[in-house]
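Here is a short tour of one protein chain, from its overall make-up down to a single residue. Keep the model open and follow along.

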Amino acid sequence: MKFIAEDDTLTIKLEGWEVFFGLKRELVIPRNSITSLEWHEDFTFDKKIWRSFGSGIVGVLYAGHFRGGGVRYFLYVRRPLGITWLNGNFRAQNVLLITTQDYAYKQIILTSDEAIAAGLINWWRGISSPT
């Protein structure tokens with residue numbers, strides 16, 4: 001997965017098997033649509049969701065398009081912990097959480113390296129220039 005931060009957009013490019021499992025090649029998110037960008041070492045997702053298109057391999061991967069509470073989510077989470085298949089709850093480590101408004105997905109939840117996430121958070125806050 002590659003992250004490309006430009007002046008006015010954040011592009012997330014899925015590569016190889018990521019495209020196959022996530023059923024998506026890339027996400028292009030306008031910077032002004034991002035309401036928060038956070039990295040969590042230990043993340044708990046406690047909303048009720050269901051997979052509309054994508055992949056789920058217990059303990060290995062949770063990827064694709066999900067829905068719940070009238071909104072859409074995009075997930076690409078490696079090594080999820082404690083998945084509850086009946087309601088979509090799960091835990092994961094090293095998660096980048098992107099919350100948006102006026103975009104196709106309300107939240108984008110991705111496994112990410114801490115250094116990459118820190119660079120993206122600084123870009124979003126205007127602390128650093130695009131990479």
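## Surface and overall make-up

Accessible areas here come from the Shrake-Rupley method with a 1.4 Å probe, and for residues only the protein chains shown count as cover. By that method, the chain exposes about 7,000 Å², of which carbon and sulfur atoms supply 51%. Of its 131 residues, 44% count as buried (under 20% relative accessible area; exposed is over 50%, and partly exposed lies in between, with a 1.4 Å probe and protein chains only).

This is a predicted model, in which local features need pLDDT of at least 70 and side-chain atom pairs count only at pLDDT 80 or more, while totals for chains, interfaces and linings use all residues. Residues are numbered from 1 along each chain as its sequence is written, and side-chain values use heavy atoms, leaving out hydrogens and water.

## Fold order

The chain has 2 helices and 10 strands (DSSP runs numbered from the N terminus: helices are H or I with at least four residues, strands are E with at least two). Starting at the N terminus, the order is β-β-α-β-β-β-β-β-β-β-β-α. Among contacts (heavy atoms within 4.5 Å) between residues at least 6 apart in sequence, 56% join residues at least 24 apart.

## Strand E7 and its partners

Strands count as paired if DSSP finds at least two bridges between them. Strand E6 (residues 61-68) and strand E7 (residues 71-78) run antiparallel, joined by 8 bridges, and Tyr62 stands opposite Val77 in E7. Their hairpin has 2 residues between the strands, and Gly69 there takes a positive phi near 60 degrees.

E7 is also joined to strand E10 (residues 107-111), this time in parallel and by 4 bridges. Phe74 has Ile108 in E10 as its bridge partner.

## Two nonpolar cores

A nonpolar core is a set of buried Ala, Val, Leu, Ile, Met, Phe, Trp, Tyr and Cys residues joined through side-chain atoms within 4.5 Å. The largest has 24 residues, and Leu10, Ile12, Leu37, Phe74, Ile98, Ile108 and Leu110 touch the most other members. Helix H2 (residues 114-125) gives the most to this core, with 4 residues. A second, separate core of 13 residues includes Phe45, Leu75, Val77 and Leu97.
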